[in-house]
Amino acid sequence: MIMDDPEFLSCGWLSNPGPNHEIVLSTRVRIARNVKGFPFSHWASTGELARLVSSCSAAVRKTSLLRDSEEIHLEEVNDLDLSFLRERHQISSEMVHSQNQRSVFVSNDQRVAAMVAEEDHLRLQVLQPGLDLKSAWGICNTLDDEISKHLSFAYCERLGYLTACPTNVGTGLRCSVMVHLPALVMTRQIQKMINAVSQLGMTVRGPSGEGSEIKGNLFQISNQVTLGVTEDEIIERLSNLTEQVIEMEAKAISQLMDEAEEDIEDRVFRAYSILTSARKLNSKETLELLSPVRLGIRAGLLKEASLNAINEVFLCSRPAHLQKKAGREMGERERDIFRAQFIRDRFKPSAC
Amino acid sequence: MNGKKCGTCTKPAKIHVTQIQDGQVMDVSLCPECAQKYGFMAPITEMSVPLNEIISGFNAGEEAAPVSGLPSTETKTCPACSQTFRGFRDSGRLGCPACYDAFEPELEPLLRKVQMGMVHHGKTHVPQKDETSLIPMIQQKKEDLRQAVAEENFEVAARLRDEVRNLEKELNQ
């Protein structure tokens, strides 16, 4: 099965540097589509859902991007694999709780995914490292065009693509960028940034999406508005906004370095020492330590580690990823020991 | 708002941003127009409330007095899928694409609040007429038709029969 393939388990796509990768870890673009003539997934009967899944899957299999990908049937995978896919944003939390007849196609390079019988019948998603909304949307749009050759979608001229929740209607497009903003947090400007962003039809959330706790100074900025704007406008506005946030964060770093270099240096090296010598590390502590280390690399203080290694550790030190790497289910204590070992190995001078 | 005026004109400021200029932390307050002019984008909508709260709080307690013969907002039902407006408000999800027409007046204030316009400006979908797209839909309608007949729900059955005929005509064109 694809999820046991070491290539699939690695986070190669994320460790390649993308544009503005110093501050933006990744870009995600997804569109919601529903097949004409069927109720939305949660309202469909078992028979309707079965027919929907089979016609959506057949259409996905005809696309050049997902032709060779494996269809993962969620009812056939165990809880660990479900959590693993969730940690990668390749399924939603809704799919974790309701796997019946739901499936997901993931491309071999893991950047492209099609989720079938989600809140909407089809959700097409593209991930890219760094800030790269245009290319992610280009790939997603091509996939949509290819699928549209084989499926008629619920669409009307007035409201565009019709979705289960009216907050997605119109373009059905949701774009988000994962940003690391420790300097804005330290200079206490983050709340103001969040307030300003939320007044611009955009929203700021924790790293795991809606309702998630903000950890490791990671934030997700995404568009809220889907109707009354074109896809290109959404992409351009979020790109411009993210560039402004990047500029604010970069200025905040210079300010910190001018005013409190020794304090920052102290924080960075303390965190790096713990991270590279601890024998037990829990998930939350890891994110809290990775954040100053990442800041140290960006500020040129820490030459021993690379941003690529940090980005990989951000994702691969999460509970399900570690257990997949170990090849077995582990309790919390065992996981914390394994996580510390994994991080020590990853930050060995030869590995960075 | 705290009554602050825009830093570049005299209108009331809606956006407050802290910027660092020449090492100085500066609070900048702008009105929506100037914010757009200086790259902070617009049009501006008030978006500080999470969407699920907007949906669940939306129309709550606003039980319209039933006009004779007309269903109240709460019990209004989509003729195609039987989802009620109350069901939508509780779950945040509509039952089928036809719900957008069935609940059009009720959805309008919500869309005005969370969206930037009321009309789609994005990509256009050209419906395909190949077998993979129409056949499952026809099969589904036929199944629904059989069930409606078995339940003696002749009004729905008549509608479904017409829909099947139209789809078959479309397929054979």
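This is a conversation about selected features of a predicted model.

Biologist: What should I know about the model and its numbering?
Modeller: This is a predicted model, in which local features need pLDDT of at least 70 and side-chain atom pairs count only at pLDDT 80 or more, while totals for chains, interfaces and linings use all residues. Residues are numbered from 1 along each chain as its sequence is written, chains are lettered from A and ligands numbered from 1 in the order in which they are written, and side-chain values use heavy atoms, with hydrogens and water left out.

Biologist: How many cavities of 30 Å³ or more are there?
Modeller: The count is 3. A cavity is a set of points, on a 1 Å grid over the protein atoms alone, where a 1.4 Å probe fits but cannot get out. Its volume is the space filled by probe spheres set on the points.

Biologist: Which residues line the second largest cavity?
Modeller: The lining, meaning residues with an atom within 4 Å of a point, includes Asn223(A), Val225(A), Ile234(A) and Arg237(A), along with Met116(B). The space in this cavity is about 60 Å³. Its lining residues divide into 6 nonpolar, 3 polar and 1 charged; here Ala, Val, Leu, Ile, Met, Phe, Trp, Tyr, Cys and Pro count as nonpolar, Asp, Glu, Lys and Arg as charged, and the others, Gly among them, as polar.

Biologist: Where is Asn223(A) found?
Modeller: Asn223(A) belongs to strand 10 (residues 218-223) of chain A. Strands (E, at least two residues) and helices (H or I, at least four) are DSSP runs numbered from the N terminus.

Biologist: Why does Asn223(A) count as buried?
Modeller: Asn223(A) counts as buried because its relative accessibility is 2%, and buried means under 20% relative accessible area (1.4 Å probe, protein chains only).

Biologist: What lies around its side chain?
Modeller: A polar atom of the Asn223(A) side chain lies 2.7 Å from the backbone nitrogen of Cys175(A). The backbone oxygen of Val225(A) is 3.0 Å from a polar atom of that side chain of Asn223(A). Leaving aside neighbours within four places in sequence, Asn223(A) is in contact (heavy atoms within 4.5 Å) with residues including Leu173(A), Gly201(A) and Leu238(A).

Biologist: Changing topic, which residues touch the most other members of the largest nonpolar core?
Modeller: Leu122(A), Ile147(A), Leu181(A), Met193(A), Ile221(A) and Phe347(A) do, in a core of 92 residues. Helix 9 (residues 231-277) of chain A supplies the largest share of this core, 16 residues. A nonpolar core is a set of buried Ala, Val, Leu, Ile, Met, Phe, Trp, Tyr and Cys residues joined through side-chain atoms within 4.5 Å.

Biologist: What about a second core?
Modeller: A second, separate core has 22 residues, among them Ala164(A), Cys81(B), Cys99(B) and Phe103(B).

Biologist: And Ala117(A), is it buried or exposed?
Modeller: Ala117(A) is buried, with a relative accessible area of 3%. Ala117(A) lies in the loop between strand 4 (112-116) and strand 5 (122-129) of chain A. Its phi is near 60°, a positive value in a residue other than glycine.

Biologist: What is chain B made of?
Modeller: Chain B has 7 helices and 2 strands, in the order β-β-α-α-α-α-α-α-α from the N terminus on. Of its 173 residues, 38% are buried.

Biologist: Which residues does Gly160(A) contact?
Modeller: Beyond neighbours within four places in sequence, Gly160(A) is in contact with Ala154(A), Tyr155(A), Gly170(A) and His120(B). Gly160(A) lies in strand 7 (residues 160-161) of chain A and counts as buried at 0% relative accessibility.

Key. On a 1 Å grid over the protein atoms alone, a cavity is a set of points where a 1.4 Å probe fits but cannot get out, and a pocket is an open set with protein on both sides within 12 Å along at least five of seven lines; lining residues have an atom within 4 Å of a point. Buried means under 20% relative accessible area, exposed over 50%, partly exposed in between (1.4 Å probe, protein chains only). A polar contact is a pair of N or O atoms within 3.5 Å; within protein, one must be able to donate a hydrogen and the other to accept it, and residues adjacent in sequence count only if both atoms are side-chain atoms.
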